[in-house]
Amino acid sequence: MKALFILGLLLFSVLVQGKVYERCELARALKRLGMDGYKRISLANWVCLAQWESSYNTRATNYNPGSKSTDYGIFQINSRYWCDDGKTPRAVNACHISCNVLLQDDLSQAVACAKRVVSDPQGIRAWVAWRNHCQNRDLTQYVRGCGV
């Protein structure tokens, strides 16, 4: 009985923690989902962005008290503009999705929404972490040895 309890606890912690991708695993997944070169943004830029936004964690969330919004998922997509979490005042939901889908291990919805974000005039500059950690830098380390 004790072993069953511990097994249940471990399973619960995995479900709550979500999937934390390895760098190359994420690079390959994003390439499969058409991110390499999308809107002329290299795969290395996307991997760098995910590193600094979420540490490659699909279940990452961060509350922004100033705007009363939350950033969701591996790309930290914001509930003020891009998704609906049911609690952000004056939310736009430009991706037409629930913010919860951005927390799934399956990256397809997060990628679709990220593509929508970079289709706006700000492009990838919409992400502060990208501007602070990736812009105008050599990003080859983010895809080195990944076979992509």
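Modeller: Two strands count as paired if DSSP finds at least two bridges between them. Keep in mind that this is a predicted model.

Colleague: What makes β2 and β3 a pair?

Modeller: Strand β2, residues 69–72, is joined to β3 over two bridges. At least two are required, so β2 and β3 pair, and they do so in the antiparallel sense. Within this pair, Asp71 stands opposite Asn78 in β3.

Colleague: Why are β1 and β3 said to stand at the edges?

Modeller: The open sheet has three strands in the order β1-β2-β3, with antiparallel pairing. β1 and β3 each have a single partner strand, so one side of each has no neighbour in the sheet.

Colleague: How do you know that Lys31 and Asp36 form a salt bridge?

Modeller: The N to O distance between their side chains is 3.2 Å. The cut-off is within 4 Å, so the Lys31 and Asp36 contact is called a salt bridge.

Colleague: Why is Lys31 called partly exposed?

Modeller: Buried means under 20% relative accessible area and exposed means over 50%. Lys31 has 39%, so it is partly exposed. Asp36, with 37%, is partly exposed as well.

Colleague: What makes the link between Arg59 and Asp105 a salt bridge?

Modeller: Their closest N and O atoms are 3.8 Å apart. That value is within 4 Å, so the pair qualifies. The two residues come from distant parts of the chain, 46 residues apart: Arg59 lies in the loop between α3 and β1 (61–64), and Asp105 in the loop between β3 (77–78) and α4. Arg59 has a relative accessible area of 28%, so it counts as partly exposed. Asp105, at 33%, is also partly exposed.

Colleague: How many salt bridges are there in the whole structure?

Modeller: A search finds four. Another one of them joins Asp120 and Arg116, at 2.6 Å from N to O.

Colleague: Which residues touch the most other members of the largest nonpolar core?

Modeller: Leu30, Trp46, Phe75 and Trp127 do, in a core of 43 residues. Helices α2 (23–32), α3 (43–54) and α4 (108–118) each supply at least two of its residues. The most come from α3, which gives seven.

Colleague: What is Phe75 in contact with, leaving aside its neighbours within four places in sequence?

Modeller: Its contacts include Leu30, Trp46 and Trp127, together with Met35, Leu49, Ala50 and Glu53. Ala110, Val111 and Ala114 are also among them.

Note on methods: Residues are numbered from 1 along each chain as its sequence is written. This is a predicted model: local features need pLDDT of at least 70, side-chain atom pairs count only at pLDDT 80 or more; totals for chains, interfaces and linings use all residues. Side-chain values use heavy atoms; hydrogens and water are left out. A nonpolar core is a set of buried Ala, Val, Leu, Ile, Met, Phe, Trp, Tyr and Cys residues joined through side-chain atoms within 4.5 Å. Buried means under 20% relative accessible area, exposed over 50%, partly exposed in between (1.4 Å probe, protein chains only). Helices (H or I, at least four residues) and strands (E, at least two) are DSSP runs, numbered from the N terminus. Contact means heavy atoms within 4.5 Å.
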